[in-house]
Amino acid sequence: MDVSPAIQEDQKGWTEVIAPTSSPFDLHLADVWRYRDLLMLLVRRDFIATYKQTILGPTWFFLQPILTAITYWVIFGQIANLSTENLPALLFYLPGITLWNYFSECLNKTASVLKDNAAIFGKVYFPRLIMPLSIVVSNLVKLGIQMFLFLVIWAFYLFAGFKGGAIHPNLTICLIPFLIIVIGGLGLGFGMVISSLTTKYRDLIFLLSFGVQLLMYATPVIQPLSAVKGKWRLLFLANPMTSIIETFRYAFLGTGSFSINGLLYSTVFMVVVLFLGILIFNKVEKSFMDTV
Amino acid sequence: MSAVIKVEDIGKLYRLGEVGTGTLSHDLNRWWARMRGKEDPFAKIGESNDRTQKGTSEYVWALKDVNFDIEEGEVLGIIGRNGAGKSTLLKILSKVTRPSEGRIKVRGRIASLLEVGTGFHPELSGRDNIYLNGAILGMTKAQIKSKFDEIVEFSGVNRYIDTPVKRYSSGMYVRLAFAVAAFLECEILIVDEVLAVGDIEFQKKCLGKMKDVSQNTGRTVIFVSHELNAISSICRKGILMHNGRVAANDTIDKVIGQYLSQNTNFDTYWENTDDKYDNPYFKPSKFYLVKENKQVSSTSFGVNERIGVVLEGTVTKVDPALTLGFAVFTTDQKLLFWSNHTDGKQENWIEIKEGQVRLIGWIPRNVLNEGNYKVELMTSVHYKEWITEPGKNAPVISLDVAGGLDTSPYWQIPRPGIFAPLLTYEKW
């Protein structure tokens, strides 16, 4: 942990030293790996617990995005008349909703991870990083199921076609796993930064849900980037989620835009936020039991 | 034998009162001090941890200058009053929270049981919860799998293993939870007050398992409990914590002895130093407790010990209605009983003559359960006037009853209730 030579000398034969402070770069990654079974069991718990005692069970995984898409279609498509780039509404909204949900759930759940699990953290030690990681993986499972729904609808339109156009999938599809990793990293990174701050300053929790909602409107979820003009476009471009959702639509539907620079920006953004998040989380995790 | 845990100068500073207000300014102050390379400005004003004293500082040392070693295979008991720092120490050892100063060196893997059933999810089945809880405690899935049958067997809930635990009775719940913990694989095990769960039969099973773990597997165990009987039967060495410091570090019997003798909250000896209770009949002078051998005692009594309540005074005017006795209260002022020297047949009463008088009233063994009591002197001229009236103006001494439960193997830990009578049963 501490690295001064005198202490290293002292450490001989000891497997562990508990001290007031330790290096912020000591991430206990070996420990995290040793507890990988716990991660998978937590994912399983989340999955079972969420839909226990609901009549429709995991069907809700499908219903949520479809109901949201219908709402958006009515409000933004019909009433506000925002463009769907001549695509059927369901096909246009679903990718944005699914990906955004993945991001926002990773973010929201991670942001309150220390508070939510204070009871467990106060009683047992395990690498704290396991908890946020399990959130990301849990949501990944959910994302996978919703992706499947999207693929079914997508395949239907692909082969049956629709009035006034067609969809043009292309090789960019190969980038999808990468896109999903970037989203997960962004949600995790942002979430960990916020979670660490909320242990002391709880006001942030209230700001967060509002902020995430607001951020969605600065993401091409309800309208394509091409429809955003003027100074607002800059805001959209600064949002790391923008290029990801645009790329995703481009890959499957052939509409929207594909920009290597945009993707690169999102990736660098993700790496920085994730790194920062892990560092802060790692620091706060050691003492938060006294302040939470 | 070599030390597997070395605790060096451990201290833990806590902030009292409402955490969350003014922390930003404190944080900034701290940060500024650190930038200048100075000490934490709030740590200096921290005081020792004594919950009865209202301190002047917002910060308090829950632990200070704690030093001890634990040898391999040793079974160490940690005792102390509430708030003495036991749990804080365990939390630091379990890596749940960090010390504010000092360091602890560890050889081997520590598993801690500060609570049974941590992370149990009510919606999951018993089976799923065994895996989840085991993994939280640090076992791998394979390890749990290999012990699964033993765990279920030990818990005795085989029939409900695939039922969600929210449908379990609270007893079944803790049985299952303890069973997982009992089969932990680790070199050092930390256990905090978790034995007080389940019914008597299961408590005994847990105690047996604890003994087995500590004696037969050669594991190092640290055990915190208020149940002195359990502690003394499991541990060989002990540490007594007092106000955040180590007050004693010795064999378990010596440490328990010291704990019991320090465990006196009020005076156990009253003397009429202010010349109070002026009246024509009787003037009390002393009021105290003695052990069976009539030695004055300021320590606690075992449940199985007779308690002698001694009243001394001077009779200045003989009155046939003069009654001397005492009343026993719980610490929350609930009256348990009155007793007078004039109880029973009149010809058996002790004759009270003018001059010095000294009486002992014996509270039989196995009447009062473990706990703290107040004994008040009760004297009056019957139906005429009070001299010392219990609950109003009477002298008070405190009576502690602790330990002495070992009459039955099924009565190893305290029972609920004020009384602990030993009744006889017969076939009928």
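Helix 5 of chain A is largely enclosed by the rest of the structure, because 19 of its 23 residues are buried (a residue is buried if 20 or more other C-beta atoms lie within 10 Å of its own, with C-beta atoms placed from the backbone). The model is predicted, so local features need pLDDT of at least 70 and side-chain atom pairs count only at pLDDT 80 or more, while totals for chains, interfaces and linings use all residues. Residues are numbered from 1 along each chain as its sequence is written, and chains are lettered from A and ligands numbered from 1 in the order in which they are written.

**Helix 5 of chain A**
- Helices (H or I, at least four residues) and strands (E, at least two) are DSSP runs, numbered from the N terminus.

**Sheet of 6 strands, chain B**
- This open sheet has the order 6-7-8-4-9-10 and mixed pairing (two strands pair if DSSP finds at least two bridges between them).
- Strand 6 (110–113) and strand 10 (245–251) are at the edges with a single partner strand each, so one side of each lacks a neighbour in the sheet.
- Strand 4 (residues 75–80) and strand 8 (residues 220–224) run parallel, joined by 4 bridges.
- G77(B) has F223(B) in strand 8 as its bridge partner.

**Sheet of 4 strands, chain B**
- The order of this open sheet is 11-12-13-16, with antiparallel pairing.
- Strand 11 and strand 12 (residues 282–290) are antiparallel and share 3 bridges.
- W270(B) has F287(B) in strand 12 as its bridge partner.

Technical notes. A residue is buried if 20 or more other C-beta atoms lie within 10 Å of its own, exposed if 12 or fewer, and partly exposed in between; C-beta atoms are placed from the backbone.
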